[in-house]
Amino acid sequence: KPQLVASNDRFCRFLEEHCPVVTETYYPTIWCWEGRVQTLLRPFITSRPQVQYRNELIKTADGGQISLDWFDNNDSLYYPDASTRPTVLLLPGLTGTSKESYILHMIHQSATLGYRCVVFNNRGIAGEDLLTPRTYCAANTEDLEAVIHHVHSVHPSAPFMAAGVSMGGMLLLNYLGKTGRDTPLMAAAALSAGWNVFESIESLEKPLNWLLFNYYLTTCLQSSVSRHRHMLEKLFDMDLVMKARTIREFDKQFTSVMFGYRTIDDYYEDASPCCKLKSVGIPVLCLNSVDDVFSPGHAIPVETAKQNANVALVLTSCGGHIGFLEGIWPRKCTYMDRVFKQFVQAMFEHGNKIFSM
């Protein structure tokens, strides 16, 4: 069974009643139960539900643009009135977009409940041009704030939640730690978020993890910026950026410089959600596996979470990073998908029971 960490007894009972998956035994797929194997195989094993998006480009205060992909769910039987149809904002991982299989599954789960979804694609990675020499990072929440304000202004009467995966979860937690209760979001979920960037980077630099994950992700980051080289080389030595062989080297030469940090350690400290968890002011459910090499179990801030009545952690012993595969042939729904579906439904339909906590 997963470990449920919540200092607020009322929140804990709410989850046990309306999100019972967090108390059920999680049985990982027996032939790929190890965390790294789950992480590697999930993108190839899981299906890719068909989703029709409506794209919208919104302008930012600095002259840039952000690509949003809307799943309006206009055929919703449960919420035919678009003005009050519950909305879920989805934040993909480090180089992820609305095309990721885990995002498609989250939208499929939301669609069956009648909800609307909108995917926040970070700058420059969803096919749109960079209009300014700026991309994104886990610490800077300005773009997320702009997106949340925009979505809420379009549907001000609709209940509004957000869910972030991996770096998207880190960004969401950092935003919530900054805003406290001053947000239009009624609740949020963070799935496989990295809690302490120093520990995550150290784990990913171990030889096997570097070979399996770190080098590949570094090349993905380089590929995402090379398309915008003509814009970015105004400020950066792109030849040096393209020589990076680890995420740490990429962040040192590019990310930390772009966002004005004096050192890479300053950036990593600011990007670590564990430093801001005490300030979260709305109900948040965080799902992690303790065998996740991207977010090592010893770095999960269990004691800090116990100090905030708005926070609940669900910790599984297996599952890897955005893995959580279950069943003999795990093509469709994962444990993560079920946690997401039950939690958003619990909050949208019964959330008033815990808002007084």
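## A first look at the fold

Welcome to this protein, which has 13 helices and nine strands. Please keep in mind that the model is predicted.

Let us start with the overall form. The chain has 357 residues, for which a compact globule would have a radius of gyration near 21 Å; the value here is 19 Å, which agrees. The C-alpha trace spans about 55 × 45 × 40 Å along its principal axes. Of the 357 residues, 61% count as buried. The accessible surface comes to about 14,700 Å², and 53% of that belongs to carbon and sulfur atoms. Among contacts with a separation of 6 or more, 77% come from residues 24 or more positions apart.

Now to the sheet. Nine strands form an open sheet with mixed pairing, in the order β1-β9-β8-β7-β6-β4-β5-β3-β2. At its edges lie β1 (3–6) and β2 (54–59), each pairing on one side only. On average, neighbouring strands of this sheet are turned by 20 degrees against each other, direction ignored.

| Helix | Strands touched | Direction angle |
|---|---|---|
| α3 (residues 101–112) | β3, β4 (87–91), β5, β6 (160–165) and β7 (187–191) | about 170 degrees with β4 |
| α5 (residues 167–179) | β4, β5, β6, β7 and β8 (284–289) | about 130 degrees with β6 |

Notes. Residues numbered from 1 in each chain as written. Predicted model: local features only at pLDDT ≥ 70, side-chain atom pairs only at ≥ 80, totals over all residues. Heavy atoms only, no water. Pairing = 2+ DSSP bridges. Helix = DSSP H or I, 4+ residues; strand = E, 2+ residues; numbered from the N terminus. Axes fitted to C-alpha atoms, helices over the stretch in contact; angles between N-to-C directions. Contact = heavy atoms within 4.5 Å. Rg over C-alpha atoms; globule rule 2.2 N^0.38 Å. Buried < 20%, exposed > 50% of the residue type's maximum accessible area, 1.4 Å probe, protein only. Areas by Shrake-Rupley, 256 points an atom, 1.4 Å probe, with all protein chains shown as cover.
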